[in-house]
Amino acid sequence: MSGHSKWSTIKRKKAKVDSQRGKVFTKIAKEIIAAARQGGGDPEANLRLKNAIAKAKEENIPNDNIQRAIKRGTGELGGANYEELTYEGYGPGGVAVMIDIMTDNRNRTAGEIRHLFSKYGGNLGETGCVSWMFDTRGVLIIEKANLKVDSDEFLLTALDAGALDVKEEDDSLEVITEPDAINQVADTLAVEGVIISHSEISRIPQNTVVLTGSQQEQMLKLMDMLEDHDDVQDVYANFDIVDEE
């Protein structure tokens, strides 16, 4: 079982606050549109769409809104034609940053993202400059309060279900899977009575850089500004922070 990441815990708590502000609704709607456009409107034949709909239901997005987003993706309804991009760059202290973008104007978005990097001590890089530092993985979140067994016994259950690893956070466990195995592992754990509070496909850094002082402050401001940008779907970075005294 892998160890604790303070930044990972903060990021998940921030996502809950974002959902209260309605930020998550827009990001999930865009993901549903892109998934339906890429693989069609049938979630049973389109794994990406199935996962996006599951995330929408986690956030209590009404079914009518989900169906409208699917129809926009399949072309049955009109709407903006979003383009999917991935930007890579460096934050303060040489932290590697990857950003998943959905935009209807790539020139505008590139300029705004480049400005944010410059403002907070980083710079936008070339394609491929940091992507090799991350692994794409499925992530299942299980709240410790919902577990009926201890963490060590759960680790064995998760590995038997096909998980690659389990990471322990303050009040939860992260089950790591291959991207295309996330639904199979989730279904197997559900049969064992495990309650999964959240699931996603993520980019996990192979190593992290611990930031302190002004670099930590600048990095957190950069992450906040990037995640609040309307065209940003997800931000990944290979940094961690230390507990405050």
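Where does Trp 132 lie? Trp 132 is in the loop between strand E3 (123–124) and strand E4 (134–143). Some notes from going through the model follow.

1. Ground rules. This is a predicted model, where local features need pLDDT of at least 70, side-chain atom pairs count only at pLDDT 80 or more, and totals for chains, interfaces and linings use all residues. Residues are numbered from 1 along each chain as its sequence is written, and side-chain values use heavy atoms, with hydrogens and water left out. Helices (H or I, at least four residues) and strands (E, at least two) are DSSP runs, numbered from the N terminus.

2. Trp 132. With a relative accessible area of 55%, Trp 132 counts as exposed; the cut-offs are over 50% for exposed, under 20% for buried, and partly exposed in between (1.4 Å probe, protein chains only). The Trp 132 side chain reaches the backbone oxygen of Cys 129 at 3.0 Å. Gln 206 is 74 residues from Trp 132 in sequence, yet their C-alpha atoms are 8.9 Å apart in space.

3. The sheet with E4. Four strands make an open sheet, ordered E5-E6-E4-E7, and the pairing is antiparallel; two strands pair if DSSP finds at least two bridges between them. From one strand to the next, the twist averages 35°. For angles, axes are lines fitted to C-alpha atoms, for helices over the stretch in contact, and values run from 0 to 180 degrees between N-to-C directions.

4. Pairings of E4. Eight bridges connect E4 and E7 in the antiparallel sense. E4 itself is mostly covered, with seven of its ten residues buried.

5. Helix H7. H7 (residues 182–191) packs on this sheet and touches E4, strand E6 (172–177) and E7, with its direction at about 20° to that of E4; contact here means heavy atoms within 4.5 Å. Its buried residues are Ile 182, Asn 183, Val 185, Ala 186 and Leu 189. Why are they on the same side of H7? Because they cover an arc of only 160° around the axis, the arc being that of the directions from the helix axis to the C-beta atoms. Their cover includes helix H3 (47–58), E4, helix H6 (151–160), E6 and E7. Exposed Gln 184 and Val 191 are on the face of H7 turned away from its buried side. Just after H7, Gly 193 has a positive phi of about 90°.

6. The other sheet. A further open sheet of four strands runs in the order E3-E1-E2-E9, with antiparallel pairing. E3 and strand E9 (232–237) are its edge strands, each pairing on one side only. Strand E2 (residues 96–103) and E9 run antiparallel and are joined by five bridges, and Met 98 is opposite Tyr 236 in E9. Helix H8 (residues 213–228) lies across E2 and E9, at about 160° to E9.

Technical notes: Polar contact = N/O pair within 3.5 Å; in protein donor to acceptor, adjacent residues only side chain to side chain.
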